[in-house]
Amino acid sequence: MAKFFSNPEISPSMKKLMLALLLIALITRLYALDSRPIDHDESIHAYLSFRLLNNHEYRYDPAYHGPFIYFSTAGIFGVLGDSKFTARLVPVIFSLAGIFFAARMKKFYSYAPVFALIMVFSPSILYYSRYLRNDLIVLASFIAVIYSYFSYRLERNPAYIYLAVIFSAIMISSKENGYLYLGTLISFVVFRRIYERDFSLDVRALKHFIPAFLIGSIIFASLYSAGFSDMDGLKRATIDSFRHWFTMHGQKDHWKPIYYYARLIFQYEFLPLGMVLAGIPEFYERLKNRKVSEFELFAFYWLITAFLIYHVLSHKVPWLLVHLTAPMAFFGSIYARYLSRKEGAVVFAVLFAVTAGMAGYLAYVDSTNTNHDLIYIQAQPDIELLAERIKQFNGSVLVFVPGNDYWPLPWYLRHENVGFSSSYYGGYDAVVTSEGQVESVKEKGYILDGKYTLRPGHDLYWLHKAQGS
């Protein structure tokens, strides 16, 4: 097995290209970042972060994923204030970090900037880089871990051990699929050592790994225990977390058919898919002739394990597409030598232009249209009109919807004195409720005076007290 591809120098011109990519990424992530309404899941993450900052309240619950997003977002709120824009900054920052480390892979192979380019303009990665979810935190952290692992293998610099462990701690403190990523890398290392019959102990690495592991453990434990105030959070972070998601898998929570991601890939991520298909013949030839490197093997291993894991899991949602797009782009970019030929460069340029255009359209033009399969149950602009009406109303307001299905309103009304409930109780000047409760509220002396679409298929209604009632 070849150890690595050639180790090309990062020339000054390449550094300028990488800087340009990061600048473009920054613009694409920050431009009109607050134009789209805060969505259901985003609002919960933002609201809990707001409560953490102001009331010092946090308790890990597997249903709401790991604590890192709440503590980091609360920190940003503390420095820059709480708003739609600042609420989305943590995924933006990690998206940029992922692109940075993807570009830095240039030390391992020549076409790493292509990987970074896909990370910038992928429709799924761009859309969810501007969305307050954990997935870009996890993905970017894993790319940093990959970079650190292979950098240490190449250079034996112990700083990479600390970098890998810290990003691993962030990864598994962000979302439960962080464990899947960690398992991917660890299993690869184990299989490689078994294949090479390498059972030696790297004493120098172990000397640094132990303190690095302690640092990572402190990060993990302090976050899940909310600063060591809730030590049971460590149990919920491990045993209960796995139990919860195994239960969700058994209940087919957010179940989709096996071909769900294939459809999304053909719709949105056909460029990295094409790169994979173009690269497989060369990979096969290098594997057959025993010229394949550890780096190439890992890229293929990540690709295969990701596709197996996310297709087997019943929980299928569009934001998880980023975890398939990245390994496709990574593997495919390794074999992008066709870009040195005119025909290959032209085909790539055409597909890239279509991809970038689609990414921009979804991110900036039609970002709330749930007819796009990449966009899930996105909150509609009406919700901001309703929130503003509640703020301006001169009187008391009750928002009551069975099942508490009124999010993202609590985020929008976080500074207001508004009642939220899953059942009706009297004494309010106005009531906001769902369609099934309108008639019963009208019978209590309220007049219907407005309809607002929370998301497609779910409307909220404004009713206010009739005069004299």
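Is Arg-156 buried, partly exposed or exposed, and at what relative accessibility? Arg-156 counts as partly exposed, at 31% relative accessibility, where buried means under 20% relative accessible area, exposed over 50% and partly exposed in between, with a 1.4 Å probe and protein chains only. The structure is a predicted model, in which local features need pLDDT of at least 70 and side-chain atom pairs count only at pLDDT 80 or more, while totals for chains, interfaces and linings use all residues. Residues are numbered from 1 along each chain as its sequence is written, and side-chain values use heavy atoms, with hydrogens and water left out.

**Salt bridges**

- A search of the whole structure finds 24 salt bridges, a salt bridge being a side-chain nitrogen of Lys or Arg within 4 Å of a carboxyl oxygen of Asp or Glu.
- Glu-42 and Arg-88 meet through their side chains in a salt bridge, at 2.8 Å from N to O. Because Glu-42 lies in helix α2 (residues 40-55) and Arg-88 in the loop between α4 (84-87) and α5 (89-104), this pair ties together parts that are 46 residues apart in sequence; helices (H or I, at least four residues) and strands (E, at least two) are DSSP runs, numbered from the N terminus.
- Glu-42 is buried, with a relative accessible area of 0%, and Arg-88 is likewise buried, with a relative accessible area of 0%.
- Arg-156 and Asp-202 form a salt bridge through their side chains, at 2.9 Å from N to O. The pair links distant parts of the chain, with Arg-156 in the loop between α8 (135-155) and α9 (159-172) and Asp-202 in the loop between α10 (177-195) and α11 (203-224), 46 residues apart. Asp-202 is partly exposed, with a relative accessible area of 26%.
- Glu-282 forms a salt bridge with Arg-337, and the closest N and O atoms are 2.2 Å apart. Here too distant parts of the chain are linked, since Glu-282 belongs to helix α14 (residues 270-288) and Arg-337 to the loop between α16 (322-334) and α17 (342-365), 55 residues apart.
- A network of salt bridges links Asp-41, Arg-133, Asp-135 and Lys-175.

**Helix α5**

- Helix α5 is mostly covered, with 12 of its 16 residues buried; among the buried residues are Leu-89, Phe-94, Ile-99 and Phe-101.

**Nonpolar cores**

- The largest nonpolar core has 140 residues, and those with the most contacts inside it are Met-105, Leu-139, Trp-302 and Phe-330; such a core is a set of buried Ala, Val, Leu, Ile, Met, Phe, Trp, Tyr and Cys residues joined through side-chain atoms within 4.5 Å. Helix α8 gives the most to this core, with 14 residues.
- Leaving aside its neighbours within four places in sequence, Met-105 is in contact (heavy atoms within 4.5 Å) with Ala-112, Ile-143, Ile-146, Tyr-147, Phe-295 and Phe-330.
- Another core, of 9 residues, lies apart from the largest one and includes Phe-400, Tyr-428, Val-438 and Leu-463.

**Strand β1 and its partners**

- From strand β1 (residues 397-400), Val-397 and Val-399 point one way and Leu-398 and Phe-400 the other way, and all are buried.
- Strand β1 runs parallel to strand β3 (residues 430-434), to which 3 bridges join it, two strands being paired if DSSP finds at least two bridges between them. In β3, Val-432 is the bridge partner of Val-399.
- Strand β1 also pairs in the parallel sense with strand β2 (residues 419-421), over 3 bridges, and in β2 the bridge partner of Phe-400 is Ser-421.
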